[in-house]
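Colleague: I would like to learn how to read a few features off a model. Please take them one at a time.

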Amino acid sequence: MSRDTWNPGQYEKFKSERSRPFHDLVSLVQPSGVRTIVDLGCGTGELTKQLHEKLKAERTLGTDSSTQMLAKANSFAGHGLSFEESKIETFAPMVPFDLVFTNAALQWLPNHRELIPRVLKLVAPKGQIAIQVPANFDHPSHTIAHALGNEMFPGRLTGMAKARSVLDVAEYARILFYEGFEENRCRMEVYLHPMSSGRDVVEWTKGTMLTSFQAQLKPDEFSAFLTEYTKRLVTELGDGPYVYAFKRILIWGRKS
């Protein structure tokens with residue numbers, strides 16, 4: 001059975017690097033008229049608090065499916081900011097929001113051609129959508145993990161196809177247009193993260209992608225997987241200084 005293996009401490013080892021796309025995404029939002037916000041997949045909540053304060057929203061709701069992440073997020077609640085445990089794919093609020101914001105969360109969910117239109121329905125008339133999704137699934141940090149997972153545990157790891165759920169950036173622009181977001185901006189951004197060694201990339205993936213592997217494996221199995229994954233990744237990237245080039249898609253639109 002899948003477990004909640006999100007670890008706020010591990011995730012925040014690269015706190016400043018992970019926050020850069022968030023700030024770039026926020027800069028796309030037009031602050032006028034943003035009274036209510038939902039942050040889908042809010043994680044530890046610290047960035048949700050910054051979003052709430054920067055846009056001077058009356059009410060901001062952060063949602064996440066991880067109880068461990070929300071345990072930390074709830075410490076930021078108050079002054080119009082609140083959090084709740086909820087899955088993005090089943091989140092059904094009573095009223096839409098002026099801004100639907102989601103940073104590095106939708107990549108965990110499959111079938112974006114159906115998912116994105118559903119998320120767009122959460123936006124109020126003349127409201128805004130802001131989405132950031134990693135698009136780095138062709139990097140060895142991901143391809144080696146998925147190949148090794150299938151090799152060591154054939155047929156046991158569900159959700160491997162999620163790595164292919166992220167669409168081409170132009171496809172997101174088309175979806176927004178046809179869903180009534182004629183004013184939209186979608187772009188690919190490459191973030192460079194200098195690291196002391198290829199081993200640091202393992203620490204990065206342990207805080208995100210590998211949590212899904214850990215959730216489905218026994219502790220000794222995951223330990224064995226991590227040992228072999230580290231060996232193969234370091235062989236590919238090297239044990240010296242390494243620049244981790246990470247591709248992300250930033251999406252913004254206003255509902256007509």
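Modeller: This is a predicted model. Start with a helix contact: Pro140, Ser141, Ile144, Ala145, Leu148, Gly149, Glu151 and Met152 in α6 meet Ala224, Phe225, Glu228, Tyr229, Arg232, Leu233, Glu236 and Leu237 in α10. By class, the residues of this contact are ten nonpolar, two polar and four charged.

Colleague: At what angle do helix α6 and helix α10 pack, and how far apart are their axes?

Modeller: Helix α6 covers residues 140-152 and helix α10 covers residues 219-237. The angle between them is about 140°, and the axes lie 10 Å apart.

Colleague: Why are α6 and α10 described as oblique to each other?

Modeller: Roughly antiparallel requires an angle over 145 degrees, and roughly perpendicular covers 65 to 115. The angle here is about 140°, so α6 and α10 are oblique to each other.

Colleague: Which hand does the crossing of α6 and α10 have?

Modeller: The crossing in which α6 passes α10 is right-handed.

Colleague: Next, aromatic rings. What describes a pair of aromatic rings?

Modeller: Two quantities describe such a pair: the distance of the centres and the angle of the planes. Searching the whole structure gives nine aromatic pairs. One of them joins Phe222 and Phe225, with 6.3 Å centre to centre and 25° between the planes. Planes under 30 degrees apart count as stacked, so the pair of Phe222 and Phe225 is stacked.

Colleague: Where do Phe222 and Phe225 lie?

Modeller: Both are in helix α10, three residues apart, which is about one turn of the helix. Ring pairs also link Phe213, Phe222, Phe225 and Tyr229 into a cluster.

Colleague: Is Phe222 buried or exposed? And is Phe225 buried or exposed?

Modeller: Buried means under 20% relative accessible area. Phe222 has 11% and is buried. Phe225, at 0% relative accessibility, is buried as well.

Colleague: Where does His79 lie, and where does Ala104 lie?

Modeller: His79 is in the loop between α4 (67-73) and β3 (81-85). Ala104 is in the loop between β4 (97-103) and α5 (112-120).

Colleague: Which accessibility class does His79 fall in, and which does Ala104 fall in?

Modeller: His79 has 81% relative accessibility and counts as exposed. Ala104, at 22%, counts as partly exposed.

Notes:
Residues numbered from 1 in each chain as written. Predicted model: local features only at pLDDT ≥ 70, side-chain atom pairs only at ≥ 80, totals over all residues. Heavy atoms only, no water. Axes fitted to C-alpha atoms, helices over the stretch in contact; angles between N-to-C directions. Helix = DSSP H or I, 4+ residues; strand = E, 2+ residues; numbered from the N terminus. Parallel < 35°, antiparallel > 145°, perpendicular 65-115°, else oblique. Left-handed = near helix turned anticlockwise from the far one by under 90°. Contact = heavy atoms within 4.5 Å. Nonpolar A, V, L, I, M, F, W, Y, C, P; charged D, E, K, R; others polar. Phe/Tyr/Trp six-rings, centres within 6.5 Å; stacked < 30°, edge-to-face > 60°. Buried < 20%, exposed > 50% of the residue type's maximum accessible area, 1.4 Å probe, protein only.
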